[in-house]
Amino acid sequence: MATSTSLTPGLARKFAQVALSHVTKEYPNKLDHVLNKRADLKSPKQLHPVFFGSFDWHSCVHGYWLLATLLRLFPEMREAEKIEALFDAQLTPAKIRAEVKYLGQPLRATFERPYGWAWLLMLSAELNRHASKKGNVWRDALAPLADAFTQRFLDFLPKATYPTRVGTHFNSAFAITLALEYAEVASNDDLRKALVKSARTWYSKDSDCQAWEPGGDDFLSSALMEAECMRRVLKASEFPAWLDRFLPRLAVREPATLFAPATVSDRSDGKIAHLDGLNLSRAWCWRSLAATWPDSDARRGVALEAAEIHLAASLPHVAGDYMGAHWLATFALLALL
């Protein structure tokens, strides 16, 4: 795939083509599914009539987010008609009711917590940005599922004594970052307050991060993701001092690991392929953090250079083996937006 580090119409089309090829691809499939009884032995499409593709539920959800985002940004691209037809067929009240019903079954309170929760809210936030009549229909259809996951966040956060700092799906900072976007777009003040309270409680006193990463299957930087989360949580007047404490040596490129792209030795291995996602998500965080510094601050140039290096390492591999292709374009889009 092209190595441009900006979102061009051509790259947007390629991302859309990749997502359209897998969001309705039912197999192979990795279910997050608790069997309460024999009758629960069902196919992915029977269990999840909307989000049954893309190898797993959460990847399918953020595949839809990618398509919705590209449809809004490039409404004239050739793939727009296919995206609209997909959404018309899939984002219907009846199918969404089935997804909500699934959540209500016993032993499913932790289904996709918190990664899938956050991505579903991110999708809803994107549909809220669509000004078209169809966009309103899709948003309204999805709303009950967004409400269900909003309530799950509200129920869970007060009892979550500790954050989860791993570089995979359970990362608390990543979930808060995405859910905050929904809370702001949807003007859900209760959710926003709960997310901000948790982030402040968990991260406000963190300092001198050593960045013990990457792990062998990370697709998120626990260090940079926390920084990006706090950039969104703290007031503009508070964030610089917090970042100076958390990562005090960025100007001299330390911790060094944050500036070196991860090596991906086998892109057919689903866990090792995560490391391409790490490179792309680091690029996203570096670009976001760079925007907080003026041109005169050396850290701005350092961060932007790091973003470019990480993008160059993994953007060409977004459409390779299916172990990466079913999700990596989403993280590339985050980095390029």
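Q: Where is Arg253 found?
A: Arg253 sits in the loop between helix 11 and helix 12. Helices here are DSSP runs of H or I with at least four residues, while strands are E runs of at least two, numbered from the N terminus. A quick word on provenance: this is a predicted model, where local features need pLDDT of at least 70 and side-chain atom pairs count only at pLDDT 80 or more, whereas totals for chains, interfaces and linings use all residues. Residues are numbered from 1 along each chain as its sequence is written, and side-chain values use heavy atoms, with hydrogens and water left out.

Q: Why is Arg253 called partly exposed?
A: Its relative accessibility is 37%. Buried means under 20% relative accessible area, exposed means over 50%, and partly exposed is in between (1.4 Å probe, protein chains only). So Arg253, at 37%, counts as partly exposed.

Q: What is the phi of Arg253?
A: Phi is near 60 degrees for Arg253, which is a positive value in a residue other than glycine.

Q: Which peptide bond joins Glu254 and Pro255?
A: A cis one, with omega at about 0 degrees. Pro255 belongs to the loop between helix 11 (239-246) and helix 12 (274-290).

Q: Where is the place of Pro28?
A: Look in the loop between helix 1 (9-22) and helix 2 (44-47). Pro28 is joined to Tyr27 by a cis peptide bond, omega being about 0 degrees.

Q: Why does Leu107 count as exposed?
A: Leu107 has 63% relative accessibility, so it counts as exposed. Leu107 lies in the loop between helix 5 (93-103) and helix 6 (115-128), and has a positive phi of about 65 degrees although it is not a glycine.

Q: Why does Phe51 count as buried?
A: At 1% relative accessibility, Phe51 counts as buried. You'll find Phe51 in the loop between helix 2 and helix 3 (57-73).

Q: Which residues is Phe51 in contact with, leaving aside its neighbours within four places in sequence?
A: Contact means heavy atoms within 4.5 Å. With those neighbours set aside, the partners of Phe51 include Trp57, Tyr64, Glu99 and Leu142. As for Lys95, 44 residues apart from Phe51 along the chain, the two C-alpha atoms are separated by 9.6 Å.

Q: Which residues have the most contacts inside the largest nonpolar core?
A: Those are Phe15 and Phe51, in a core of 111 residues. A nonpolar core is a set of buried Ala, Val, Leu, Ile, Met, Phe, Trp, Tyr and Cys residues joined through side-chain atoms within 4.5 Å.
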